[in-house]
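This report is written for a reader who is meeting the structure for the first time. Please keep the sequence and the model in view while reading.

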Amino acid sequence: FGFDSGGPLWWLQILALATLVGTLRRSTHWRSAAVFGLVFATTWQCATFWWLYISMHNYAGLHAVLAAIAILALAMALGVYYAVACVAYWKLKDRQPFWASASFAAAWTMAEMARGTWLTGFGWGAVGYAHVTGPLAAYIPWLGAYGVGALAAWLSAALVLSIRGRTVWLSLGISLVIAVGLAAPSVLPVWSAPAGTLSVTLLQGNIPQEEKFQTGSGVPLALQWYGDQINRSATELVVAPETAIPLLPQDLPVDYWDALAKRFVRGEQAALVGIPWGNMAQGYTNSVVGFSPGQQSEWRYDKHHLVPFGETIPLGFSWFMKFASIPMSSFSRGPESQPPLAVAGQNVAVNICYEDVFGEEIIRALPQAGILANLSNTAWFGHSLAQPQHLQIAQMRASETGRPMLRATNTGMTAIVDARGNVQAVLEPFTTAVLHGKVQAFAGMTPYARFGNWLALGLMTGMLLIGLLARPRRAA
């Protein structure tokens, strides 16, 4: 929900969803409600992740028509959840106004959660991300992305009913939710506290995706540029993005990898470097290797939540891969829980690529980690909204956990996000650049970090059940 910059427009999200609610209330049959929900969700999701076309057609070689059909099919398949949610609301729309609006919020949020788990989950662009800024942002540490999305859905439905003159209580409720959100800095408690600082260097190599794995162009460029910048770094931590080193360690030039390791073992600095790892016998992983002073054995994070079709092939879809050419599309899954890297008295928890979409998985690293780091390569998606959208996702995770998020990316957006979800510093995307800064680590646990999505899920289930039990009123 944004325009050219990809920036979130919280009010536009509420207005769009309110339009859907108003349409559903005028529907005369559950089938029409299902159709409206499916069309709305399919259109919204196509507009959200249309950039998948770039990766599938431009870089994976899938025919343009097949790539477009694949995106439409994905959006429609995920849209079925929302169609079911709209039917559920249509059935409950004549309940008492508060419970009718609460039922819509509950059904919609359950649809959001369902699409966040199907085929390992693709919750990208959930409505909660439109509220990383605005009056609902203050609720993120309590309820997380799904819970804030539920609040936004309730506000949308309540707004429609209030305009129709059903009750003043809904108007008061809307005012209260927004007022608390605006007054949050002085009203709501702070759940995390400063726990020291760390100086960091974040690298953005801007290696073109079409050259990234080419031995005659992108590979030597990446090895030289990232190697030079890592060796020149003077901060306590330097971070290079996902597959910054695009070759397996055993395929690197002689002494390249050993020289990097020795540079940090003998010094006082640390590094996180994205690299593919493994061999034919043991399998391959999308990994991050950590170098730190006095390190006796390598620290490594292996990506756990793999991208369907990009890093792993879902059961029954091997036929689809015959039409596309995606390098390194058969990775093994890393352990569910992996220890953070200790750096200058701080613990840094790593995640790779779109793993930071899953807030319920990010909180596994807490409370040990005081800093989060995401290493990514969104060059797959060209000059599109994928880059600013991914930054908004990082802002959401920072707000949920009360932890800063470092983002080191190939083409953007490389950034430092503070523990309140504010962008502290960011590089211009699609430039070769280095970001230096200091990040404030935090300790403590937000309510969301303690309970994850269970608080929002319990609240939604309760509201939906009460909506089912509430006495119907004459439809407006």
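## Where to begin

Where does Pro249 have its place? Pro249 sits in the loop between β2 (237–240) and α9 (256–265), where helices (H or I, at least four residues) and strands (E, at least two) are DSSP runs numbered from the N terminus. This is a predicted model, in which local features need pLDDT of at least 70 and side-chain atom pairs count only at pLDDT 80 or more, while totals for chains, interfaces and linings use all residues. Residues are numbered from 1 along each chain as its sequence is written, and side-chain values use heavy atoms, with hydrogens and water left out.

Pro249 counts as buried because its relative accessible area is 18%, and buried means under 20% relative accessible area, with exposed over 50% and partly exposed in between (1.4 Å probe, protein chains only). Leaving aside neighbours within four places in sequence, Pro249 is in contact (heavy atoms within 4.5 Å) with Trp257, Ile275, Pro276 and Trp277. Its C-alpha atom is separated by 13 Å from that of Arg300, which is 51 residues apart from Pro249 along the chain.

## The nonpolar cores

A nonpolar core is a set of buried Ala, Val, Leu, Ile, Met, Phe, Trp, Tyr and Cys residues joined through side-chain atoms within 4.5 Å. The largest one here has 98 residues, and those with the most contacts inside it are Phe104, Trp108, Trp154, Leu237, Leu272 and Leu406. Helix α6 (residues 140–163) gives the most to this core, with 14 residues. A second, separate core of 24 residues includes Ile207, Tyr256, Ala271 and Trp277.

Trp154, apart from its neighbours within four places in sequence, is in contact with Phe98, Ser101, Ala102, Ala105, Leu170, Gly173, Ile174 and Val177. Leu272 lies in strand β3 (residues 270–279) and is buried, because its relative accessible area is 0%. Not counting residues up to four places away in sequence, Leu272 touches a set that includes Leu237, Val239, Trp299, Leu341 and Leu375.

Helix α1 (residues 10–26) has 17 residues and reaches 25 Å from its first C-alpha to its last, close to the 24 Å expected at 1.5 Å a residue, the expected span being 1.5 Å times one less than the number of residues. Its buried residues, among them Gln13, Ile14, Leu17 and Arg25, pack against α2 (30–49), α4 (64–92), α5 (97–115) and α6. Helix α2 has 20 residues and reaches 28 Å, close to the 28 Å expected. Its buried residues include Phe40, Trp44 and Phe49, and what covers the buried residues of α2 includes α1, α3 (52–59), α4, α5 and α12.

Ser376 has its place in strand β8 (residues 371–376), and it is buried, with a relative accessible area of 0%. Beyond its neighbours within four places in sequence, Ser376 is in contact with residues including Glu242, Cys353, His390 and Arg407.

## The cavity

On a 1 Å grid over the protein atoms alone, a cavity is a set of points where a 1.4 Å probe fits but cannot get out, and lining residues have an atom within 4 Å of a point. The structure holds 1 cavity of 30 Å³ or more. The largest cavity has a volume of about 60 Å³, a volume being the space filled by probe spheres set on grid points, which are joined across faces, edges and corners.

Its lining has 13 residues, of which Tyr129, Ala145, Tyr146, Val357 and Arg397 lie nearest the centre of the cavity. Helices α6, α11 (359–362) and α12 (386–401) each supply at least two residues of this lining.

How values were computed. On a 1 Å grid over the protein atoms alone, a cavity is a set of points where a 1.4 Å probe fits but cannot get out, and a pocket is an open set with protein on both sides within 12 Å along at least five of seven lines; lining residues have an atom within 4 Å of a point.
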